[in-house]
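This report looks at aromatic rings and the charges placed over them. Please have the sequence and the structure at hand.

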Amino acid sequence: MSQIPVEDQVAMTMNNDEIADATSESNPVDSCSDDFEFFTKIGLTKLQEPSLEHTIIKASFCTGIGDQSELAKKINIVAIHKNSHSSRSREARADSFQVFAKAVADKCGGDANLKYGWYGASRNEICEIVMHGFSWCNTAAGNRYSISLSPAKFAFDSVLSSEADENGLRHVLLCRVILGKQEVLTANSNQFHPTSPEFDSGVDDLSAPRKYIVWSVYMNTHILPSYVISIKTPCLIGSQGFLEANTIKPNSKWVRFPTLISMLSRFLEPSQIASLNKNYSDFREKKITRKQLIERMKEIAGHQAVAAIVDLFAKKKSLLRGQSLNFQLSIHNFLNKSTRMKVAAAAAAKAKQELQKAVDAEIGGL
């Protein structure tokens, strides 16, 4: 297996998860950008827009969003920064990635199954990952047992996992990933290592993967952060696409976090309740994301318990909506009946008046 400098590889055909060479040694970079001082301070270099490398990464991201779709048109790529692995620790991680890629390739008959994967998080978390590597304490797209990345053609999934900073920018990592031989993992799996030495990583679906899953034991040997893409979106982002501010309404079953915690507290241990409240407090203080909070609630209380309570409240809301509709229909019918009675009474009074006039005229003619 030839040694290819992975930090200089860029996917020309990301839509098919294929990898083509795009050597970037001669591509100009801008290492002095006041607007992105938080990235340049940790050794990332900003790619200049006319460069081939910038053009390829931008095209790859847009392909993962949907090329000429309405979603792609609403996203503005503000900057792309490259991880040049300038520090000794980062250079060591890059070398380690190469060693493990070769080892996996040797085990798998010459193919390490190298792919690109997207990872969305807060700016601070991305900086921490670039400087120190991944950690289960701050995973935005996984849990304590694994890291989940979105395949190249599903970049939008990583955008949903990202968080806007104080400037309204969102940031996503483009990483190289050693997948090797994959095994299917069920949703919310607590598996933290392969079921056998035969496997190297996990996936949600072998034929049409939406998630690449790397166990925590491999997260800093099998994942290599390569680029940071900073984007601006004019709207808030919801699970179904772009929505205007203050109009996000869940389309699926949902329940407020305080209500969910209150219901779960009825049968959990005091230590579990304290953990729930601590995580909710961290969420309120923006220390963790909404997705992280949900995942941790499932870990503490169990997926089935959380799902059962959400389902119960969804049915209750549906029943209340039905009762409200019946009440409104009853009022409508009552008002219609009342109106008909008033019309009938008015008609009867008028007829009585007409009859009285006719009687008076008849009497006056006598």
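What follows covers ring pairs, a ring cluster and charge-over-ring contacts in a predicted model.

## Aromatic pairs

The model holds 8 aromatic pairs. One of them joins Phe61 and Trp118. Their ring centres are 5.4 Å apart and the planes meet at 75°. Edge-to-face requires over 60 degrees, so this pair is edge-to-face.

Phe61 belongs to helix α2 (residues 52-65). Trp118 belongs to strand β6 (residues 114-121). Phe61 and Trp118 are both buried.

## A helix-to-helix pair

Phe257 and Phe283 form another aromatic pair, also edge-to-face. The distance is 5.5 Å centre to centre, with 65° between the planes. Phe257 sits in helix α7 (residues 257-264) and Phe283 in helix α8 (residues 270-284). The pair links distant parts of the chain, 26 residues apart.

Phe283 has 22% relative accessibility. Partly exposed runs from there up to the exposed limit of 50%, so Phe283 counts as partly exposed.

## Cluster and charges

Phe36, Phe38 and Phe39 make up one aromatic cluster. Phe38 also has a charge over its ring: the charged end of Arg123, 4.1 Å from the ring centre.

Tyr116 has such a contact with Arg176. Here the charged end sits over the ring, 4.7 Å from its centre.

Methods
Residues numbered from 1 in each chain as written. Predicted model: local features only at pLDDT ≥ 70, side-chain atom pairs only at ≥ 80, totals over all residues. Heavy atoms only, no water. Phe/Tyr/Trp six-rings, centres within 6.5 Å; stacked < 30°, edge-to-face > 60°. Helix = DSSP H or I, 4+ residues; strand = E, 2+ residues; numbered from the N terminus. Buried < 20%, exposed > 50% of the residue type's maximum accessible area, 1.4 Å probe, protein only. Lys NZ or Arg CZ within 6 Å of the ring centre and 35° of its normal.
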